[in-house]
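Visitor: I would like to learn how to read a protein model, one feature at a time. Could you take me through this one slowly?

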Amino acid sequence: MFTFNIEDELFCKVEGTGKFCAKKGAMVAYKGDFKFDKMLLGPDNGGGMMGSLLGMAKRKLTGENIQLMTVEGSGSIYFATNAYHISVFSLEPGDCLSIESENLLAFPLELKYDVRFVGSGVLSQKGLATTVLSNLSNQVQQVAVMSDGNPLMLEAPCVVDPDALVAWTSDPNGGGDPRVTTNNFSWKTAIGQTSGESYQFQFNQPNQMVLVQPSERLSGLKISVD
């Protein structure tokens, strides 16, 4: 089993023995003995080849597909990408983490790797679906997450800009997914003359943790009248 730890905010140090998943090409150094294999289809979630194929098809369809590799061996290994800041979530049995696929760095194979529709992508660069990692084991599991800049960890209730949202804790049934608020919507929104804060994501689940980065993605809708 591996443990995930943060080193200098920009590196994730993974220590132990076994096998886990990581973003392809994110390894920067290691001490010990490790083997790296690109995952052609992705984790099978216990469903064998068919499970891998169905999972890949779903991720391709929703735009949540990223290139992963398996890391197998023993020792200490370091991961980093573009000097992004790294956070580690610890998931209790039954917990889930919803995350933008581009922000996922490393996770154990014991987690179920899936996609869930949230139905809010028309409002921002955030898609209609989100990557979900579910802890169906009987042990605490860790997930390494990247953010563009030093992130802010908030506890619900809170309201965030969807273009700055990185990840949030939830439950297997989608409880804890954000609700869209549009209290600043007006005719100016329709022609692109807005403050840039016309809609937000609202989180209300008690004890829910929400990770926000200080860098916003570009919004998907580009319409304006001057």
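Visitor: What pLDDT does the chain average?

Guide: The value called pLDDT is the predictor's confidence in each residue, from 0 to 100, and here the chain averages 81, with 71% of the residues scoring at least 70. This is a predicted model, in which local features need pLDDT of at least 70 and side-chain atom pairs count only at pLDDT 80 or more, while totals for chains, interfaces and linings use all residues. Residues are numbered from 1 along each chain as its sequence is written, and side-chain values use heavy atoms, with hydrogens and water left out.

Visitor: Over which residues does pLDDT stay under 50?

Guide: One such stretch is residues 120-125, for which the model has 18 contacts (heavy atoms within 4.5 Å) beyond four places in sequence. Another is residues 220-226, where the model has eleven contacts of that kind.

Visitor: How is a pair of aromatic rings described?

Guide: The description uses the distance of the centres and the angle of the planes. Rings of Phe, Tyr and Trp (its six-membered ring) pair if their centres lie within 6.5 Å, and planes under 30 degrees apart count as stacked, over 60 as edge-to-face and the rest as tilted. By this rule the count comes to eight aromatic pairs.

Visitor: Are Phe4 and Phe20 buried or exposed?

Guide: Buried means under 20% relative accessible area, exposed over 50%, and partly exposed in between (1.4 Å probe, protein chains only). Phe4 and Phe20 are both buried, and they belong to one aromatic cluster together with Phe2, Tyr30, Phe34, Phe36 and Phe79.

Visitor: Why is the pair of Trp168 and Phe203 tilted?

Guide: The ring centres of Trp168 and Phe203 are 5.6 Å apart and their planes stand at 55 degrees, so the pair counts as tilted. Trp168 is in strand β13 (residues 165-170) and Phe203 in strand β15 (residues 200-203), 35 residues apart, which makes this a link between distant parts of the chain. Both residues, Trp168 and Phe203, are buried.

Visitor: How many disulfides does a search of the whole structure find?

Guide: A disulfide is a pair of cysteine sulfur atoms within 2.5 Å, and the search finds zero. Cys21 is buried, with a relative accessible area of 0%, and Cys158 is buried at 12%.

Visitor: What is the order of the strands in the open sheet of six?

Guide: Two strands pair if DSSP finds at least two bridges between them. The order is β8-β9-β6-β13-β16-β11, with antiparallel pairing. β8 (111-117) and β11 (152-155) stand at the edges with a single partner strand each, so one side of each has no neighbour in the sheet. β11 is joined by four bridges to strand β16 (residues 209-212), and the two run antiparallel; Glu155 has Met209 in β16 as its bridge partner.

Visitor: Which strand do seven bridges join to β5?

Guide: That strand is β10 (residues 141-147), which runs antiparallel to β5, and Val88 stands opposite Ala144 in β10. Strand β5 (residues 85-91) is mostly covered, with five of its seven residues buried.
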